[in-house]
Every structure is written in structure tokens, then in C-alpha cells.
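Please look over the sequence and the model shown here before reading the report.

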Amino acid sequence: MPKDTSIKKVLMIGSGPIVIGQAAEFDYAGTQACRSLKEEGIEVVLVNSNPATIMTDKDIADHVYIEPLTVPVLESIIEKERPDGLLATIGGQAGLNLGMELAESGFLEAHGCRLIGTTTETIFKAEDRQAFKETMEKIGEPVAASLVVNNVPDGLEFSHQIGYPVVLRPAYTLGGSGGGIAHNDEELEEILQNGLRLSRVGEVLVERCISGWKEIEYEVMRDGAGNVITVCNMENIDPVGVHTGDSIVVAPSQTLGDKEYQMLRTSAMNIITELGITGGCNCQFALKPDSFEYCVIEVNPRVSRSSALASKATGYPIAKVAAKIALGYTLDEIPNAITKKTYASFEPMLDYCVVKIPRLPFDKFISAKRTLTTQMKATGEVMAIANNFEAGLMKAIRSLEQHVDSLIVKDYEGKTDEDLMEMLHVVDDRRIYLIAECIRRGFSYETIHDLTMIDIWFIDKIAVLVEMENRLKREPLTKELLAEAKRLEFPDCVIARLMGKTEEEIKHFRYDHGITAAFKMVDTCAAEFDAATPYYYSVYGSENEVQETSGRKKVLVLGSGPIRIGQGIEFDFCSVHCTWAFEEEGYETIIVNNNPETVSTDFDIADKLYFEPLTPEDVESIVNLEHPDGAVVQFGGQTAIKLTESLMKMGVPILGTKAEDVDAAEDRELFDKILEECCIPRPAGHTVFTCEEAIKAANDLGYPVLVRPSYVLGGQGMQIAISDADITEFIGIINRIAQEHPILVDKYMMGKEIEVDAICDGEEILIPGIMEHIERAGIHSGDSISVYPARTISDKIKKVIEEYTRRLARALHVKGMINIQFIACGDEVYVIEVNPRSSRTVPYISKVTGIPIVRLAAKIICGHTIRELGYEPGLQPEADYIAIKMPVFSFEKLRGADIGLGPEMKSTGECLGIAKTFNEALYKAFLGAGINLPKSKKMIITVKDSDKPEIVDIARRFAAVGYEIYATRSTAKYLNEHGVEAIKVNKLEQPSPNLLDLILDHQNQIDLIIDTPSQGAVKSHDGFLIRRHAIETGVNVLTAIDTAEALVTSLENREEKLSLVDIAAISSRG
Amino acid sequence: MKAFLILEDGHVFEGTAIGADKEVISEIVFNTSMTGYLEVLTDPSYAGQAVVMTYPLIGNYGVCYEDMESRRAWPDGFIVRELSRIPSNFRSEGTIQDFLMEQGIPGIAGIDTRALTKILREKGTMNGCITRNENYDLEEIRKKLAAYSPRGVVKATTCSEKYVLPGSGYKVALMDYGAKDNIARSLNKRGCEVTVYPADTSAEVVLSSNPDGIMLSNGPGDPQENTEIIAEIKKLYASEVPIFAICLGHQLMALANGINTYKLKYGHRGGNHPVRDMETGRVYITSQNHGYVVDDHDLDPSIAVPAFVNVNDGTNEGLKYTGKNIFTVQYHPEACPGPLDSGYLFDRFLKMMEGGKKNA
């Protein structure tokens, strides 16, 4: 079927801020779909509230709106842009829900726009629990016994009928939010109540529990003519019961025979056909391990995290093909971009094995429950490709960057076999290591299988790795042993540790015996056809099939690995733009990365893609083959920076700012010297190694002090200490994490936090704009609301900041990017941190100033100057609108995590509010972050004593916009004394009705809580419980006084009709 | 123990010996299916060939005897990257290692199957030798390899006597040229009474049983070698009995009508080949296993027209015979291994027989 020529302009909805369950995979899919549409000459209008995405670049779409993803905003965009098609299946669940609302209300039809790709009817049939169940029954596809309920009594009754345990799945929520397994009435009531609240339609599915069955997924494509293919199937190593986003997943399935494989494949095809999906679809099945019985768990009629994984695992670009299908093409008309010989109507065949491991955030949320359930908790994932499962697992483990490079962890020392047996009952992120330990202790496969329900095939593979550990411990180093260990992808450092040798010795022995990595191609077709696409993975014991290319200069771009808190999608944005800029400069570009969700690992971004762990050894194998002329590390976050030293040892020049200058910025003493030379003040501080030294330093400086490890990301381990006891506790926590670097103790300064991203060509600097944080210092910059242009600081301070930036950039010989954080205290400006590399704010500031910072930085690295690139150096003129970056959190997904903000970063994503006025921008930013207030106009205030004076005015203003204020005893007293009416409520431990009753009360719903946690170790247990309960019941909670002030300002100035800013129309003013 | 795979072009792969201890010379072909190794091993069309599995992990779910596609395994050799050391499946009755031994099939594991596949793709299917003899004489073996060509494979694989799968529906005569069991099962499942005839059964014998339809099966080898069978098929063609043919059967029917066949460079073997049904335009993912193909250039439309075409390389995948109740396909609607998408062709055959009955 030829292209539908009536479609000329398409609106695409992105997925919004990165939250758990909806991450970078939608930027990948969206970017690919945009490019696919533009290839066809379609004018693309893009809306996404997330400024860190690549899809919101003006190079990607024709019109870009970084606006809150709400129905009224989309309606305004449609009225303004008049698209004739809306593609809603690319922006995750968020995009799909919006598309549905616009279609159902008749707005689309009234404006000459229609959903392209999958229709509303299809989406309804796939997404509505009851409709889905009926559709499945109609075509004879089994689903687990289930009932949709909208109240707790019905849920109880049905559960008694089918028997516990039951699974609860709220309709229309992200990443299974609010779902779970209930084993008794009590658990059912708790989970169900919560799920009903979180569901957009107040519905929860109560279902027969099939946990322990194999979980199998199929990615299916269907076109408008009814042609259907499956792209890939995947098997979750963790059986049903763990969200697939939190499972270790292998592609293709390993333990299914052809009969089971084809049975489920046929079922997936029947489902997509009956639902009438045109585009991509994900079908999840539960397969009973001891029969052919299966159940359809879920169908996602859109691109998803799994489809991103399937695309990367096979080389089949699902989003690209889905976009073409939406335009009317059939699968047999769309060429396979990898082979260029075959078509999209072709099922990829793998001749390798892919392993995905989720990246869970428990290193950041120490108090959070580590148990894995049907509610997703992972922030990101890594993927590894190998020709055996063991190797894939080993590569994926070291890609996680969690200080683990094998299955050996220390957690089980001192545990008895009984302890381990007990621990096997718990499903958490450490299970794979626990199983390895159980095998070491001689547990039988059956015992492990009975407790975990993990297929013995996988248990045996873990045993293969454990056996190799033992051989390495016992046997002498021989060529055969080493070759086998490398085939299983044991890294040299682990082999060395087990054999009692040095890593260098192992490496030399390996090189002497010709045991080196070979690279193979991902070609979609198991080598059946000649493929041209340079997408590679390494294996040992095979022939290398990758040719070293020569001719152009070659640059190695190191990616940023898995998405985690503190290192998000922003760094992928930077890596991709850097790659494009180097390409423009005539370089051959090579990307190394291991994150399947990202744009950077799409096979047509760089000239070559190596899908590999980002460790020195893995990178060295690539260097040995490619001999790059240089490497760029300043765009890939800490992951890339950490490789600097190793790259230099390999003889690869670091392009841009030199490694020693990067070091100088991180090394306290060197840095102090530079500041001194530049005459720049910084808060007083000391570098210490022990707890005693830290206490001495703190008393020297005077409390409060900031304590943090050097060389960290996202403020990990950073704390504000107000007493010796705090210091002791914090140092203890810091030392739990592998700590090779010293600890910094600084005077904590309460002031305005200012941030600058600048470019330096070695001589001159360019500052696109100065950003100012709403929250005062002490809250991690990634968790602060950031405002551009800075509004509250004087021109004089701006000049000082510009000057300091210039001095620092020059002193550090920066070539490329530099990020500096300042504190303005009165007229004084202090430098608190300098990072001679790309930062989290780079995509945001590039978009709102129209200055392509990464591109410019990359070109400067290639030898250009700021002036040559057409820019006037210095601080650029300010824009005539305000752009506010708002952090977004995923606390509701992490049971038990403390949501109080502090120096350690906790947000998972961000959104933007952009408008002509500060107030409108602020309102948009809150709206984009999902804080859509007011609703019931009831709020609770409970603040620590030091915040009481400031809260009065804020409370008065909330009251003025109509809020009824509840407060705990001392806060209520203080407010009432100062003329603000507040109703006193009992604290948690006091009798009902108390705070908790108020929070959980449906009738009398609270829509906002302001709770500022007391700093230091004397943490209020009460406060923690209040905040957790609020988050888990979907109530907005603010934990910083400045955020509360900002919110009330935005509510005071709320506009009914929001203005729109086309980002693509912003051009730099320089 | 070491084993070696020596190719006609002089390439040598060193790996680990698996299966039976014997040296074989055979035609080396690759299959890209990710599951279904037992079905591949028991598909008679592999007689005279040694199969390379491109998927690296083989044997994961063991051996389920009920999945066998014929009474025994046929390939001369089995070439894999890695055999799972334990099988895991609720139906598994044994390991692939034991199965190879029991079936007397030698093999080699631990070699770079992707590198091997690329050689076959680039240079075309060639002969090879699997041996455990470390002191092999390369030139000697290459001479033997150059001289080798599989012969008489249909005769080797067909059943020795006719047998019947009872059913109450249409009576189908299935000509066994090396048939996979699921062809008979697919018909039987649809109610047909299936009588399976040895390949050399004369048309007269078949027709005298008054079948409602005739099914020509898949099978191994070069179709042109089967001159006697082709002569019988000419008579079946003339009979007006509805005929459906698969794979070798499809090629033989073409040859019986003067349409030529030729050998593909490296064949189609796997479960992912897209085929377009020319009548509906729909594309189906098919199971394939063939080295030869019908030449549909300059096809005389008064004899037959292309009914199916391979989307990847445009080669013929099926013919519809003009003025006859005959259609033939190159691929495997009976699947096993592979996608079940083309099962509808059996229903089409049933419809044809229904039409045949009405007309009678």
C-alpha cells in the first residue's frame, strides 16, 4: 500500500519527564520516528515537556513545543499548528493517554486531525482491562481469571472467590504504579485502595496469581494491510511476579522449544490482528513451566521499553518502521535499514545472545525496600551482546557500574546456609549474586529452582561461571584456561584477583597468547545476507569480522551507560550532539555505550557503534582494533570521565580539556591553588581521610558543614552535618561505598545558588546564560528549580560570574565545556564546584537560548574558536522570556525511600516551563511536573522550627488563594499566633483523627503537604512517615520552603489559557 | 576430543567432537532457526547434508521425541557453536548429545559458526568433511570433497511401505519423497484420511485408490535427479485430482511440466523468510528448507503462473497451475520448525478437494 498522501503535517507527543517506568527509551523511539517521518517529507510538530531529550531539538522536528503535557496545552498546539495527523503511540503511556483523551472528546475530529497509526478503538481494546479481557476471550486467548473492580469490597469478594495470592493492576498507570501482589485481606485492602487512587479511571484489575510462571514477551509489528511479523521474543529470567522492567531479560528465549515458541508467537500475532494495531505492539505472556498452558498478561499497543530493547537486540528499528506504517506503508515496502537487501517484513534472526539487566536506584535510596514486585523500580538498564549466555551476563554486570565486576560479592560473608535459604525467598536485585553464592555452597539446582522458580537452565549457567571461579582459584594459568575464562567474559581484573596475580600480568599473558576480543556484527539475519550497518559486539574465541577503517580522522565518543539518578538522559543528548558535530568536522565517529534505551545506541547515529561495557579493558579492545586519533570524554558524564586515565595509558589522546586539568578541578589542593591564583573565593573547607580528621575540620570551620566524597556523581553521599554525631554517621555511610578518594568537608553557606555552563576555546569563553536556583544552597542542583535568565541577582554579580568563569576556564585550560556552580551571598560570589565537562543543564540551556552548546564545544575541540564559529565571546544577551527547569521525582515507585531533599540528588527527570513572564513559566513548570493544583484546596503544613518564621507569609498566601490549612501542633500554634488560620491536627502517634487519617481520607482530600525535614541525623521518624504516606497516596509533597514559595506564586498567577513558545523558532541572539 | 571441519575451499575449523565417532563428507548448509533443532535433525530433506545452526546455543530444551519429524535423524553431520550441558524443559526426555550418539550422527561444536556461515554465504554451499583425525591430509580430503555429490537421497528417506492415518474426511494420497510427519498430521488433524505412499509408487496405483486429493511432499536432493518420479507426476497432473505440493514436490511438479529448476547459491533454510501471496498481496513469514528453486522466468501462463514470491530475493515460492486444481509451494506450511502462519494452505487444499467432489 503506498504512502497516504493526505498526511502532510504530524503532531507527535513525547513522554514527558523521565520517571521510573518511562525513561530514555521514548526519546530514542520518538527521535527515530521523527526522523522517519521527515524522511518522507512530513512536517513534524513535536510536543514534550522534557528539555533533556534529543527529540525536542530543532534539528529533529520542524516545530518544537517544550510545554506541559496536558489536554488544554495540546489543544492550543493543535489549534495553532493545524496538523492533520497525531501520532500518539511513540510517547509511552503518557502520550497514549493524551492522544486518547483528545480523540475521545471529539477535539481531533473537529480540528481536521486524526490519530495515525493505531486507532482509539484499538487502544481502548488493549488498554481497558475489561475490553481487553473480552477481546481475548473472543479469540480464545487465555487470560488469568480476573475482575475489574472500582471499590475495595468487590476486590475482597472476588479474591475470596479465586483465592489468594492475587495480583492487582491499576488501569492506565505507568510502569505498573500502584500494583502488587496481595496474599491476604490486609495486603489487598492496602494495595487496592492505593491502586484505585492512582488509576486514571479509578479501576483496578484483581487477577489470579500466576507468579512463578515463565514470563515471555514478543514484539510484534503489523501494517494496515494486515501483514504481521514478530521482531523478537524475550524471556525474563525472573519468573512472573517481577515487573519486566526490573527483570533480567534474555533475547531470544532460551528455554522454549519450537512448539512453545511458535505457540506464543502465533498467539501474539492473533492478538495484534484482532486488536487491529497498525504499528508496533508488545505482548507479554505467562507460560506454565510444566505444561503448554499460558496466559496473556498484558499488551501494549505502542512502542515501549521492551520494543527499544528488542530494537537494539535485533537491529530492527521498531519506531522507525511504526512511523512508516502510520503513513500507510506496508511492511514489504519498507527496506531493512541494516541489510538494505531485505525488507521490514522479515523476522530478525539472532546468532548471539542478549542479556539485559535493570539498573536499580537502591544505592541512592538506602531506606527503600529492595524487593522487586510488579511495580517497576529500575531507573535504567544495560544490555550486553555475546555468543553465550554466561558472557552476556558477565558483560552486563560490569556495565551496571555498581562496583561489581563478576558474580562475586561480599554480602554473604558470615551468613549460614540457612540464612541464604531464607534470603532466596526474597526477590530483590541481588538475587543473581545470591544464587551464585548458593551454588558455591553446594545447594542443588532443584533447591534453588524450588525457591526462586528460575529455570534450571539459567541456574546451570550461573554454575558454569562459579565453576570457572573455582578453576581460576585452583589451576595454574594456562592458555586453555584463560581462553575459556575469556570466552565466558571474565574481565582480566577478576581473573587476576582469583589467581592472585596482577591485572597487567593477565593482560600480558593474554596478549602473548593471542587471546584478544574479536568483534562481530549485529545484522538482523544471522549472517544470511551481507549487511552494511556497523553495529558491533565483542566475543572471545572467534574470528574478528570488523575491518579497521582508515582515511578520515577517527574519534571515539564514550557514552554514559545506564540511566541512573544523577546521570540521566542529558548525557546521551550531549554524546549524540558531539558525535554529529565531529561528523560535520569530517571525522569518522565511533560510539561506545551499553544502554539500549538511548538515541546514542541507535545504529545510524555514529559511523560505528560498539555495544560494549564502558570499562577500561572493554574500551581497550576497541582501541586496539580501531586506533582512534582521539577520544572525547567530556560529554559522557562520570562514566566517560572515569575512563580518562586508562585511555591515556592506551595512548589515546584526550581531545579537548586535558586530563590533568580535569584532575585539577577535582583535586582539592590543586583546585584551591587555582582559585587562589585567580583571586576567586570559595567556602572554606578541608580534605580529610578519617572520621577524626573530619570532626576536627568541622569544628574548625564551624557547623553546619557539608560532607561529601570527592569524585562523585549527583551529590552521592553528600550530607549537611550539624554535629559531631552527624559527621560520624555520614563518614560511616561514605566508607560503606568503595572509597578510594578523600572526603571533603566544607563550610555550608546559605545563599543563592547560581549555575553556569560555558564553552571555552582556550582563550575566550561563551556563556549562553546564567541560571539561578529557586531553592537556596543545600539542595542538590539537579533537584532544584532552575530559572533562566537569573532574575534576582544584580548586573554586578552577573559581571563577577562572567569574569570568574573566564578566569577559571582559562586557568584550567578548558577546551570545550565547563560547568560552574556559584553561591551568591550578599555581594560576595563563591565558587562551590567546577566540572570541566558537560553537565545536566546543557540540553536545557541550549534549547532555551538557541545556542547549540555541545556542537560548538565539539567544534572548539576540533580547533575552531568561538569567533570563528560566529559568536561574540562573553555572556550572551538574555532572552526575552523565562525558562524554568523543574525536577521530577519518582518517589511513588520506591516504597520506603525518603523524599526529603538535600545535597544528594533524588530526582529522575525534569520538565520545562517557558513563557514571557516568570509566573506563567513557573506555573507551566509545575504543571509539567504533574503538580496540577489546586484541586480540593486543603493542605497540611508541618515545618521545622527554623523555617517557621518564613512559612507564615507563604501560608497566608496559600490561604489567600483559598487553601484550608491543617498543621501539626507547633506549626499550627505558630501560624495562628501570626494571624494565619490553621487547624491543628494530631501527630501520628497521637490518637485518631491524626495526620495520617487526614492524608488517607478520601472524602476530605488533602492535595498538598509542605513538610520540611529537619537536617542532620536527628531525623524525624514522623516526618518520614508523613512524607511516605503522602507520596504513596498520590498527594503532592514539598520539602523545601523555597519550592513552596514558588508554588504559591504560580498559583496566584495562574492563567487559564497558556501561551506557547516554538523552541525551533528560537535563534541565538549572539 | 578435538574435531575438524574441513571445507572444499581449504578452510579448516577446529572444535570439539560431538555425537558419533565417524568421519563424514557431506554438503554443508546453514539453518538460521533459533528453535527447532530436533525438527531440523529429523527433517528428511537434510539427507545428504550436514547442518550448521547459526543460533549459537543448541540443546537448551533437550530432546522431546514426540517432536521428531520422521522416524530418525537424517543429516550427515551437525555443526554448532555450543551444546547446552543440561536440558531444561518439562517434556525433555534426553540430551541432544545422547540423541546424536544414538542416531549415529557425528558433529562438531565450539567453532565460529558465524564465520562459517559467512563463507557459505559468500562462496555458496560447498562440501565439507567432519573428522576427528588430527593427522588429516588436507589435499587428499579436498579432492574427495570436490568429487562428492549426494545421490539417491529420496530413495533413502521415503517409507518402505504404504500406510494409512485413518480419518473420516477427505481421502488424501501423500507421496512420500522424504516427508516430514507434520504434513500428514496437518491433513489428518483436518479430518483427512491420509494414505502415505513410498516415492516409487506408480501413478496408477495411487489413482486407483480414488483419492480426493494428492499431496506431494518435501524431500532431499536435486529434483532433476528424480526422472522416474517426474514421469509418474505427469500422470497425476493429467488426472484432474486436486494436487497440493510442498518443496521437492513443488519442484517435481514444475519439472513434470517442463519448468526448470536451478540451485541457489546457498539456499533458504530457516524460519523467517517472507513470502508474498500474489493473489492477496499479503506477506507471510515462512519456514524454509531448500537449496533448489523453480525458475519462473519465461513461465508459460497457459501452464502455470507464480502464486507466491520471496520478498527478499524475488525467487519463486509457489505456482498455480492454469486450468487445474493444482497449487504448489516451495516453503513449508506444515512448519515444525518455524512459523505456523501458512497453515491456511492446507485449508485451501481442503477447499479444493471440496470443489473437486462437487464437480465429480
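This is a predicted model: local features need pLDDT of at least 70, side-chain atom pairs count only at pLDDT 80 or more; totals for chains, interfaces and linings use all residues.

Residues are numbered from 1 along each chain as its sequence is written, and chains are lettered from A and ligands numbered from 1 in the order in which they are written.

**Chain B as a whole.** The secondary structure of chain B comprises 10 helices and 19 strands, where helices (H or I, at least four residues) and strands (E, at least two) are DSSP runs numbered from the N terminus. A compact globule of 360 residues would have a radius of gyration near 21 Å, and the 20 Å of chain B agrees with this; the radius is taken over C-alpha atoms, and the globule rule is 2.2 Å times the number of residues to the power 0.38. Along its principal axes, the C-alpha trace of chain B spans about 65 × 45 × 35 Å. Of the 360 residues in chain B, 57% are buried, a residue being buried if 20 or more other C-beta atoms, placed from the backbone, lie within 10 Å of its own.

**Domains and contacts.** An assignment that is automatic or from a database gives chain B two stretches, domain 1 (2-150) and domain 2 (154-359), and their C-alpha centres lie 27 Å apart. Between them, 23 residues of domain 1 of chain B are in contact with 24 residues of domain 2 of chain B, contact meaning that the C-beta atoms of two residues, placed from the backbone, lie within 7 Å. On the domain 1 side, E3(B) gives the largest share, three residues.

The contact between the chains takes 41 residues from chain B and 44 residues from chain A, and on the chain B side H3(B) gives the most, with five residues. The table sorts two of these sides by class, with Ala, Val, Leu, Ile, Met, Phe, Trp, Tyr, Cys and Pro as nonpolar, Asp, Glu, Lys and Arg as charged, and the others, Gly among them, as polar.

| Side | Residues by class |
|---|---|
| Chain B, touching chain A | 17 nonpolar, 13 polar, 11 charged residues |
| Domain 1 of chain B, touching domain 2 of chain B | nine nonpolar, 10 polar, four charged residues |

**A helix of chain A.** In H9(A), 13 of the 18 residues are buried, so this helix is largely enclosed by the rest of the structure. Just after H9(A), Gly276(A) takes a positive phi of about 70°.

Definitions and conventions. A residue is buried if 20 or more other C-beta atoms lie within 10 Å of its own, exposed if 12 or fewer, and partly exposed in between; C-beta atoms are placed from the backbone.
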